[in-house]
Amino acid sequence: MEQTVIRTVSENDVDRCYEIETVSYEGDEAATKEKIAKRSRVYPQGFIVLENENGVAGFINSGCAYDVVMSDEEFKQLVGHDPDAPNVVIMSVVVHPDYQGKGYAGLLMTAFIEHMKGLGKQTIHLMCKERHVGLYEKFGFGYVKQSESDHGGMSWHEMVMVL
């Protein structure tokens, strides 16, 4: 595997993260550049990027809440986010298509989980498509239910990990 670095997002990463988000997600499910910029600005502790020799290749971003409602669309804009809350909600886990299949998502997820443990968080929540349920189960996430959210016109499944 190529040499990689995982680090906290910087303001200079926003354009590249937006580019990765738009080429990696289907339909209307990709976050806008404004949402990505806000997530990087408001909660950089919950936004990590993976860099290889060509720059940022993938990232994970998140917010925190006391009461997690996965179908809450406003939370994707960090409405109700509290950095001190014990529950983490992942908004995006994404690797540029040119770098998929190289283990980058696994590196990101492992680093993110350890980082959240280090911050004293209690749970990590996410929504994923059905085809990714097994992948997240391998990391220790448990299946909760099919989500009420139809974000981007897609069907989603809620998962949670207790740290």
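# A tour of the salt bridges

Select Glu19 and Arg16: both sit in helix α1, 3 residues apart, about one turn of the helix. Helices here are DSSP runs of H or I with at least four residues, strands are runs of E with at least two, and both are numbered from the N terminus. This is a predicted model, in which local features need pLDDT of at least 70 and side-chain atom pairs count only at pLDDT 80 or more, while totals for chains, interfaces and linings use all residues. Residues are numbered from 1 along each chain as its sequence is written, and side-chain values use heavy atoms, with hydrogens and water left out.

Now show the side chains of Glu19 and Arg16. They meet in a salt bridge, 2.9 Å from N to O. The term means a side-chain nitrogen of Lys or Arg within 4 Å of a carboxyl oxygen of Asp or Glu. Side chains of opposite charge can pair when their charged atoms come close. Glu19 is partly exposed, at 37% relative accessible area. Arg16 is partly exposed too, at 23%. Buried means under 20% relative accessible area, exposed means over 50%, and partly exposed lies in between (1.4 Å probe, protein chains only).

How many salt bridges does the structure hold? There are 5.

**Next stop: Asp15 and Lys33.** Their side chains meet in a salt bridge, 2.5 Å from N to O. This pair links distant parts of the chain. Asp15 is in helix α1 (residues 14–24), and Lys33 is in helix α2 (residues 33–42), 18 residues apart. Check the surface here. Asp15 is partly exposed, with a relative accessible area of 48%. Lys33 counts as partly exposed at 34%.

**Move to helix α3.** Select Lys117 and Glu114. The closest N and O atoms of this salt bridge are 3.5 Å apart. Lys117 and Glu114 are 3 residues apart in helix α3, so about one helical turn separates them. Lys117 is partly exposed at 42% relative accessible area, and Glu114 is partly exposed at 47%.

**Then pick three residues together.** Select Arg7, Asp13 and Glu51. Salt bridges that share partners join Arg7, Asp13 and Glu51 into one network.

**Last stop: Lys102.** Where does Lys102 lie? Look in the loop between β4 (87–95) and α3 (104–118). Lys102 is partly exposed, with a relative accessible area of 36%. Lys102 and Glu73 are 29 residues apart in sequence and 31 Å apart in space, C-alpha to C-alpha.
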